[in-house]
Amino acid sequence: MTATDTERETRQQYGFFGHPWGLSNLFATEFWERFSYFGMRAILAYYMYYQVSSGGLGLSRELATALVSVYGAMLYMTSPIGAWLADRVFGAQRAVAIGALVIMCGHIVLSLPGGGVGTLYSGLMLIILGTGLLKPNVSRLVGNLYGEKDTRRDGGFLIFWMSVHLGAFLAPLVVGGLRSAGGFHLGFAAAAVGMAIGVVWYTVSRRLLAGTGKAPANPITPEERGRIGRAILLGSLVLLAYFVITGLCGVLSVDLVIYTISAVGIVLPIVYFWVILRSKKVTELERSRVWALIPMFLASIFFAMINDQKPSIGAVYAASRIDRNVFGVSVNPEFFQTVEPITVLILAPIFAWMWTRLGTRQISTPTKIGLGVIIGGISFLMLIIPAGEAGLVSPWWLIGSFAVSVVGQLLAQPVGNAVSTRLAPVAFSSQMVGLWLLSNAAADGINGVVTPLYSVDTETPYFLIIGGAAVLAGIGLLLMRRWVRVKMRENE
């Protein structure tokens with residue numbers, strides 16, 4: 001290699017804050033994708049249940065919160081499919097490009113005025129499919145930028161992770177402000193423009209990714225193509241038959257679709273664990289570690305139930321239950337969705353410093369997750385205190401609840417993602433990450449059924465039962481932590 005080649009390689013590998021220049025591409029792409037997602041999500045429930053005279057669709061509030069929940073469940077359920085398509089068909093780079101384009105189209109459909117419920121469902125379905133392709137594979141491309149022993153990897157993911165929360169922080173402010181000034185479709189249009197910027201940036205600077213993730217890691221063979229094609233066809237026919245039969249029987253309804261998706265969100269991880277535990281490719285040691293993962297997975301469902309209700313019940317609470325005068329300024333209800341990302345940006349460095357300082361005296365993984373779930377439950381229990389008050393309550397109750405849940409999130413979620421990779425059987429190393437994300441799918445599936453039960457009259461039992469269940473789940477995991485650590489068998 002010549003001196004010029006060496007200099008070029010150095011610029012490529014250390015040009016973006018000491019990281020590969022490819023990280024700048026993925027940072028900006030993820031920022032705009034998260035901007036579009038969180039911006040749309042901030043106004044989605046309002047668009048569904050606000051009256052037509054106010055620019056909404058006039059759906060019931062109960063149906064709106066259920067739809068937001070099952071939408072979240074479907075996002076998580078498509079991630080393993082998107083990862084599989086990248087591995088076997090497209091390659092990660094093309095999967096991200098296709099996903100970004102599909103997401104942009106979904107936001108454009110939502111921005112079209114006069115489409116009603118039809119454009120709502122069409123737009124959301126496009127966003128679900130696009131996110132399933134983009135979300136798991138953009139993270140994978142970040143990892144591919146670094147060698148196996150490259151010490152910059154964790155720092156690179158931290159920089160990438162900051163893009164997520166920067167986008168999540170700015171989006172409700174911009175999209176919510178535009179919704180207030182020009183209506184819901186202007187807000188959706190802003191999300192579409194944000195995603196369009198992400199598409200253009202990813203395309204223009206894609207060369208910075210070099211060859212990483214360009215080809216499928218495990219290309220599908222002609223023999224497999226036929227077998228998989230038949231399986232997809234059979235699954236499609238079964239699904240079509242289900243809807244035809246329920247339609248002919250007169251029971252097909254939006255509620256039935258919601259319940260079906262909710263049931264799939266709950267059943268899918270059960271089946272996935274069963275398949276892994278029975279696989280002949282899994283060793284006895286690996287099987288023990290999968291058993292150790294199950295209690296942590298179950299506890300994380302209770303935390304995700306609370307955390308994923310921010311765009312549904314949290315949005316309803318912000319619009320109808322609180323006095324939105326903060327420091328003498330009246331704010332849009334969407335603005336409260338910024339509490340989570342700004343709290344994460346403040347607290348995450350503190351947690352990172354704390355874990356580093358503890359060194360070898362680290363708190364065990366099941367203990368961290370258990371404590372995180374308990375704190376998540378407490379964030380819901382806090383809302384019992386103002387539940388009996390007539391009229392509007394202080395906004396600080398909702399702000400405080402969101403902020404406390406972030407403390408639980410920082411304890412439970414990053415640790416959960418990490419342990420899912422650490423305990424994964426070799427034969428299921430990539431799929432285990434997707435399996436862990438299905439805890440959110442299961443949580444959102446349950447939320448699709450329980451969120452319609454919320455109302456001003458049911459606030460006390462609603463927050464008490466869900467928050468209390470999370471606290472009990474966290475305590476249960478703490479009581480099982482010794483058993484879990486034995487099953488983890490990390491010294492072997």
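Q: Is Ser-69 buried or exposed?
A: Ser-69 is buried, because its relative accessible area is 1%; buried means under 20%, exposed over 50% and partly exposed in between, with a 1.4 Å probe and protein chains only. This is a predicted model, where local features need pLDDT of at least 70 and side-chain atom pairs count only at pLDDT 80 or more, while totals for chains, interfaces and linings use all residues. Residues are numbered from 1 along each chain as its sequence is written, and side-chain values use heavy atoms, with hydrogens and water left out.

Q: Where is Ser-69 found?
A: Ser-69 is in helix H3, residues 61-90. Helices (H or I, at least four residues) and strands (E, at least two) are DSSP runs numbered from the N terminus.

Q: And what is Ser-69 in contact with, leaving aside neighbours within four places in sequence?
A: Ser-312, Asp-444, Asn-447, Gly-448 and Thr-451, where contact means heavy atoms within 4.5 Å. Ser-312 is 243 residues away from Ser-69 in sequence, but their C-alpha atoms are 7.2 Å apart in space.

Q: Switching topic. How many salt bridges are there?
A: The structure has four. A salt bridge is a side-chain nitrogen of Lys or Arg within 4 Å of a carboxyl oxygen of Asp or Glu.

Q: Which parts of the chain does the Arg-179 and Glu-334 pair link?
A: The side chains of Arg-179 and Glu-334 meet at 2.6 Å, N to O. Arg-179 is in helix H6 (residues 153-182) and Glu-334 in the loop between strand S2 (329-330) and helix H12 (339-358), 155 residues apart. Arg-179 counts as buried at 13% relative accessibility, and Glu-334 is buried at 0%.

Q: What about Arg-321 and Glu-459?
A: Those side chains also form a salt bridge, 2.7 Å from N to O. Arg-321 lies in the loop between helix H11 (310-320) and strand S1 (325-326), and Glu-459 in helix H16 (residues 459-479), so the pair ties together parts 138 residues apart in sequence. Arg-321 is buried at 3%, as is Glu-459 at 0%.

Q: Which residue does Arg-34 form a salt bridge with?
A: Glu-33, with the closest N and O atoms 2.7 Å apart. Arg-34 is buried at 8% relative accessible area, and Glu-33 at 1%.

Q: Now the inside. How many residues has the largest nonpolar core?
A: The largest core has 95 residues, and those with the most contacts inside it are Met-40, Met-48, Tyr-71 and Met-296. Helix H10 (residues 284-307) gives the largest share, 12 residues. A nonpolar core is a set of buried Ala, Val, Leu, Ile, Met, Phe, Trp, Tyr and Cys residues joined through side-chain atoms within 4.5 Å.

Q: What does Tyr-71 touch, not counting residues up to four places away in sequence?
A: Tyr-71 touches Tyr-37, Met-40, Leu-44, Leu-124, Ile-127 and Ile-128.
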